[in-house]
Amino acid sequence: MKIQTYYNHIRFYPPHHFVYYPVLFLFLAGSLYLAFTTNDMLIWLFISAIFIFLFALGFMLRQHYALILQNRIVRLEVRYRYFTLTGKRLEEFEYKLTDDQIFALRFAPDNEFLPLLEDALKNNLPGDSIKKAIVHWKADYNRV
């Protein structure tokens with residue numbers, strides 16, 4: 001398995017990204033082409049609108065359910081790691097962290113976690129800056 005870093009941590013789901021969306025895009029392009037080259041413009045524009053709706057719906061649903069669950073799990077993971085490392089509860093000041101910061105901290109190994117957390121709180125670092133500051137990336141190969 002390839003070593004995960006900041007530059008390759010995005011994950012694709014091939015049936016969705018490389019089959020569903022391209023096929024849907026081809027159908028949309030075909031229906032728009034037919035809308036402007038045939039006498040049945042209204043029906044083909046309606047069919048095009050349906051394809052646009054299916055495209056948006058597919059994207060939103062696929063992302064929404066998986067990401068909501070993943071966000072909850074990551075938050076619990078970060079709380080647990082903080083408790084394991086310090087013996088204290090993160091919930092006491094977790095409200096000061098944005099979701100972006102919490103999600104970025106998950107990639108930090110234990111020896112970098114606490115200093116990055118303190119830096120994020122002190123300097124209000126955005127998540128992307130936290131990720132870039134990680135020296136030894138803690139890979140997560142089970143991301144959605």
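These legends describe close-up views of helices in a predicted model.

**View 1. Helix α4 and its length.** Helix α4 covers residues 110-123, which makes 14 residues, and from its first C-alpha to its last it reaches 20 Å, close to the 20 Å expected at 1.5 Å a residue. Just after α4 comes asparagine 124, which takes a positive phi of about 50°.

View 2. The buried residues of α4 are Glu112, Phe113, Leu116, Leu117 and Ala120. Seen down the axis of α4, these buried residues fall within an arc of 135°, so they line one face of the helix. An α-helix has 3.6 residues a turn, so residues three or four places apart point the same way. The face of α4 that is turned away from the buried side carries Asn111, Glu118 and Lys122, which are exposed.

**View 3. The packing of helices α1 and α2.** Two packed helices are described by the angle between their axes and the distance between the axes. Helix α1, residues 14-37, packs with α2 at an angle of about 160°, and their axes are 7 Å apart. Angles over 145 degrees count as roughly antiparallel, and α1 and α2 are therefore roughly antiparallel to each other. The crossing of α1 and α2 is left-handed. Among the residues that make the contact are Tyr20, Leu24, Phe27 and Leu28 of α1, together with residues of α2 including Trp44, Phe51, Phe55 and Gly58.

Methods: Residues are numbered from 1 along each chain as its sequence is written. This is a predicted model: local features need pLDDT of at least 70, side-chain atom pairs count only at pLDDT 80 or more; totals for chains, interfaces and linings use all residues. Side-chain values use heavy atoms; hydrogens and water are left out. Helices (H or I, at least four residues) and strands (E, at least two) are DSSP runs, numbered from the N terminus. The expected span of a helix is 1.5 Å times one less than its number of residues. Buried means under 20% relative accessible area, exposed over 50%, partly exposed in between (1.4 Å probe, protein chains only). The arc is that of the directions from the helix axis to the C-beta atoms. Axes are lines fitted to C-alpha atoms, for helices over the stretch in contact, and angles run from 0 to 180 degrees between N-to-C directions. Angles under 35 degrees count as roughly parallel, over 145 as roughly antiparallel, 65 to 115 as roughly perpendicular and the rest as oblique. A crossing is left-handed if the near helix is turned anticlockwise from the far one by less than a right angle, and right-handed if clockwise. Contact means heavy atoms within 4.5 Å.
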